[in-house]
Amino acid sequence: VNTGWVKCTLCPKECELGPGERGNCRVRVNIDGKLLTLVYGKPCAVHIDPIEKKPMFHFLPGTSIFSIATAGCNLHCKFCQNWDISQKEPEDTENGDLPPEKVVQAARDSGCNSIAYTYSEPMIFFEYTRDASSIARQAGLKNILVTAGYISEKPLRELCKVTDGANLDIKAFSDDYYRNVCDGDLATVLKTFEVMKEEGVFLEITNLIVPTLNDDPGMIRELCRWLVKNGGPDVPLHFSRFFPMYLMRNLYPTPQKTLETARDIAKEEGLHFVYVGNVPGVDEDTNCPQCGIVLISRIGYSVTANKLVNGHCPNCNAVIAGVWK
Amino acid sequence: MKRKTDKNKLVENAPKWTRRGFGIFAALATAAAFLWKPKITRKKPEVSGAVADHWEPLPHKKG
């Protein structure tokens, strides 16, 4: 008996949708007993960015990356910095018509050798991301996900097959925080980290520090310990500065001191590559973890010097984790 | 020409139930004017899209 109901199994929310109903992500809808994605080939944002903006500091530094996004997200972070597209339905944004093969063509035409699925949440435009990534890979381009990692294991593994790198946003090392502020859960995101690592996706981590909510030094230490234990000391970690946005305009921007404290904690816990984001001029360089010399100098999103030689330190020949060519 | 009815005396001379009815009507109209908000009807485009992956029918689920 077909009742016309369907269950979306893309993310752990597993929305059960009656006829005409739309999922929590706002972009997957049940039409006549079939689940449709409303955003396939319809990006609402298309830009060419420096790859450092993602942020990816250990992945083809100094290059431009073709970046696309569609409306919608399956998390609803109260501090979302891109809420004007992520918390909207596709009908509320201005969308282009750019099927996967045209994404790849446009990336090549603009001289980019990688594509980022970013700004909102690439997991909810899963089919678009996967198909564009697949074509891009055949064309010799690399694919980057900038994601909160809230996805079920099966589609995640499928996506990892065509993904080269990811910036995974771990919003806090607290399940309460995920549930109360983001409408998600921590365990799924940690599982995503483990699966991506297992599938050979190069990972960088972002942690947006929101004053009074996730700036507890103990929580930051726990996050760093978990990263060292599960990803090793070479996982790059970006502590990012929060600015008042969306539903959290009552909070002040993250003080620089808080970010520096977080950086010190991460280094104490053994992480080799710790960066402070959204504060130009602070902790943007990559240093050799063995001899300490500056390997990559940055100002904002610009790389001003890159001394790496085939991914090695020119001074002590240490191997530096990353995708360098 | 002299009016047959003095308009100023219309309400005053009206029966009591009419005056009360007018008062109630006026009160309701005022309240409605403050409370009523037009329903914003946004015309949504026809929903169309590609068939997604990673979903399953729920044959036993009823609304």
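## The interface between chain A and chain B

Across the interface of chain A and chain B, 11 residue pairs are in polar contact, both residues at pLDDT 80 or more. A polar contact is a pair of N or O atoms within 3.5 Å; within protein, one must be able to donate a hydrogen and the other to accept it, and residues adjacent in sequence count only if both atoms are side-chain atoms. On the side of chain A that touches chain B, the elements giving two or more residues are β1 (6-8), β3 (28-31), β4 (34-37), α3 (126-138) and α4 (153-160) of chain A. β4(A) gives the most, with 4 residues. By class, this side has 13 nonpolar, 4 polar and 13 charged residues. Here Ala, Val, Leu, Ile, Met, Phe, Trp, Tyr, Cys and Pro count as nonpolar, Asp, Glu, Lys and Arg as charged, and the others, Gly among them, as polar. Helices (H or I, at least four residues) and strands (E, at least two) are DSSP runs, numbered from the N terminus.

The model is predicted: local features need pLDDT of at least 70, side-chain atom pairs count only at pLDDT 80 or more, and totals for chains, interfaces and linings use all residues. Residues are numbered from 1 along each chain as its sequence is written, chains are lettered from A and ligands numbered from 1 in the order in which they are written, and side-chain values use heavy atoms, with hydrogens and water left out.

## Extent and salt bridges

Chain A puts 30 residues into the contact and chain B 19 residues. Contact means heavy atoms within 4.5 Å. Between them the chains bury about 2100 Å², 56% of it on carbon and sulfur atoms. Buried area is the accessible area (1.4 Å probe) that two parts lose on being put together, summed over both.

There are 2 salt bridges between chain A and chain B. Each is a side-chain nitrogen of Lys or Arg within 4 Å of a carboxyl oxygen of Asp or Glu. A:Arg130 and B:Asp53 form a salt bridge through their side chains, at 2.6 Å from N to O. A:Arg130 is found in helix α3 of chain A. Beyond four places in sequence, A:Arg130 touches A:Glu158, A:Leu159, A:Val162 and B:Asp53. A:Arg130 counts as buried because its relative accessibility is 15%; buried means under 20% relative accessible area, exposed over 50%, partly exposed in between (1.4 Å probe, protein chains only).

## Strand β3 of chain A

A:Arg28 lies in strand β3 of chain A. At 1% relative accessibility, A:Arg28 is buried. Its side chain makes a polar contact of 3.0 Å with the side chain of A:Glu127.

A:Asn30 is also found in strand β3 of chain A. A:Asn30 is buried, at 0% relative accessible area. A polar atom of its side chain lies 2.7 Å from the backbone oxygen of A:Gly4. Beyond four places in sequence, the contacts of A:Asn30 include A:Trp5, A:Val6, A:Leu17 and A:Leu35. The C-alpha atoms of A:Asn30 and A:Lys7 are 9.1 Å apart, with the two residues 23 residues apart along the chain.

The largest nonpolar core has 83 residues, of which A:Phe79, A:Ile115, A:Ile170, A:Met196, A:Leu227 and A:Phe239 touch the most other members. Such a core is a set of buried Ala, Val, Leu, Ile, Met, Phe, Trp, Tyr and Cys residues joined through side-chain atoms within 4.5 Å. Beyond four places in sequence, A:Ile170 contacts residues including A:Tyr178, A:Val189, A:Leu223 and A:Leu227.

Chain B has 2 helices and 2 strands. Their order from the N terminus is α-α-β-β. Of the 63 residues in chain B, 6% are buried.
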